[in-house]
Amino acid sequence: MAEQRAVVLGAAGFIGSHLCDRFLGEGWRVTGVDSLITGTLRNLEHLRREPRFDFLRADICDPLDALAGPVDAVLDFASPASPVDYLKHPFETLHVGSIGVENALKLAKRSGARFLLSSTSEVYGDPLEHPQRESYWGNVNPIGPRAVYDEAKRFAEAITMAYRRYERVDTRIARIFNTYGPRMRLDDGRVVPTFAGQALRGEPITVYGDGSQTRSFCYVDDNVECIFRLLHASTGEPVNVGTPHEMSMLELAKWVREAVGSKVELVFQPLPQDDPRVRRPDISRARELLGWEPRVPFDEGMRRTIAWFKERIERGDLAAAA
Ligand code: UDP
């Protein structure tokens with residue numbers, strides 16, 4: 001079989017860069033595209049001499065005409081994805097989830113490629129159904145500060161389905177829940193790098209609200225395995241990607257403090273507006289359709305991630321990803 005080629009949009013981001021590694025590892029050729037607004041080339045540095053990898057610095061809100069040649073899969077992972085990042089880049093987030101996704105779909109259509117959208121558990125908003133199944137339509141505040149991300153991703157799903165129905169593009173939708181692992185930016189504001197960074201630097205851990213809100217954290221390798229299987233499956237239905245291992249932010253703060261062996265205090269700060277109270281995926285669909293199951297236990301994944309952050313901090317690389 002001829003060598004297959006994937007175009008990974010958002011290749012310099014956290015999940016995007018791991019996806020590049022995975023597809024290269026499977027023998028694919030990979031073209032990575034990133035605007036570098038929130039991604040960093042340090043996530044791709046190890047691929048600099050990889051002959052099957054090439055990188056294009058581009059904003060997918062501009063037409064992707066520079067991408068020539070055959071493409072088998074377009075994986076759209078281009079978007080600011082942490083609340084801190086998307087609140088800092090509200091218009092870029094709205095544009096990349098709308099105009100950007102349409103450009104990506106057009107690329108898939110003209111090259112006859114499969115298209116995979118990275119959607120998000122944020123489409124469920126502050127959920128009234130728990131755990132969340134893919135059939136749940138969500139509880140999103142369309143005019144709140146998080147709407148720039150949530151509604152852009154809901155639009156992204158809608159336009160992906162429209163290209164499937166009316167333009168015959170072979171699409172997949174992954175609804176990604178909280179994911180963590182090496183290559184997250186220490187300063188991206190998400191809870192795992194924030195708590196780990198604070199504990200490692202001996203600073204107080206900032207718990208928002210009373211810390212009773214929950215999230216379920218999936219290690220990036222499990223996420224990438226699920227995405228790879230989803231691309232090869234035949235469903236156009238959205239599929240939750242995450243783990244059912246749910247914990248409160250207070251538990252997480254204490255866990256991280258203990259794991260780092262630090263004695264820092266926990267300080268309580270106001271809960272951001274529209275911060276979901278609970279979040280946990282029902283992953284029956286991924287189990288049934290993809291035979292997928294998260295494999296990396298929380299303790300193990302967190303140990304690897306904290307070790308990675310520790311090394312970055314010891315190198316004096318406080319804010320950056322690598
Ligand atoms: N959070 C926190 N302290 C922080 C950063 C985040 O308590 O320094 C909380 C946040 O309020 C939310 C949860 O951790 O309830 C997860 O936040 P994150 O920004 O990682 O992502 P989200 O799941 O909200 O998109």
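The model is predicted: local features need pLDDT of at least 70, side-chain atom pairs count only at pLDDT 80 or more, and totals for chains, interfaces and linings use all residues. Residues are numbered from 1 along each chain as its sequence is written. Helices (H or I, at least four residues) and strands (E, at least two) are DSSP runs, numbered from the N terminus.

**Helix packing**

- Helix α3 (residues 90-111) and α4 (147-167) cross at roughly 15°, and their axes come within 9 Å; axes are lines fitted to C-alpha atoms, for helices over the stretch in contact, and angles run from 0 to 180 degrees between N-to-C directions.
- α3 and α4 are therefore roughly parallel to each other; angles under 35 degrees count as roughly parallel, over 145 as roughly antiparallel, 65 to 115 as roughly perpendicular and the rest as oblique.
- The crossing of α3 with α4 is right-handed, a crossing being right-handed if the near helix is turned clockwise from the far one, and left-handed if anticlockwise, by less than a right angle.
- Among the α3 residues that meet α4 are L94, V101, E102 and L105, and the α4 side includes A152, F155, I159 and Y163; two residues are in contact if their C-beta atoms, placed from the backbone, lie within 7 Å.
- This contact of α3 with α4 divides into 11 nonpolar, four polar and four charged residues. Ala, Val, Leu, Ile, Met, Phe, Trp, Tyr, Cys and Pro count as nonpolar, Asp, Glu, Lys and Arg as charged, and the others, Gly among them, as polar.
- Helix α1 (residues 14-25) packs against helix α6 (residues 220-232) at an angle of about 60°, with the axes 10 Å apart.
- α1 and α6 are therefore oblique to each other, and their crossing is right-handed.
- From α1, I15, H18, L19 and R22 meet V220, N223, V224, I227 and F228 of α6.
- By class, the contact of α1 with α6 has six nonpolar, two polar and one charged residues.

**Ligand shell**

- Of the 16 residues around the ligand, R190, V191, T194, T206 and Y208 come nearest; a residue is near a molecule or strand if its C-beta atom, placed from the backbone, lies within 6 Å of it.
- At least two residues of the shell come from each of α5 and β8 (205-208), and β8 gives the largest share, three residues.
- The shell has seven nonpolar, six polar and three charged residues.

**Helix α5**

- α5 (191-201) is mostly covered, with 10 of its 11 residues buried; a residue is buried if 20 or more other C-beta atoms lie within 10 Å of its own, exposed if 12 or fewer, and partly exposed in between, with C-beta atoms placed from the backbone.
- The buried residues of α5 include V192, F195, Q198 and L200, and the buried set packs against β7, β8, α7 (249-260) and α9 (298-314).
- G202, with a positive phi near 75°, follows α5.

**Backbone features in loops**

- The peptide bond from H130 to P131 is cis, with omega near -5°, and P131 lies in the loop between β5 (114-120) and α4.
- R168, in the loop between α4 and β6 (171-176), has a positive phi near 60° although the residue is other than glycine.
- R168 counts as exposed because 10 C-beta neighbours lie inside 10 Å.
- R183 also has a positive phi, near 85°, and sits in the loop between β7 (179-180) and α5.
- R183 is buried, because 23 other C-beta atoms lie within 10 Å.
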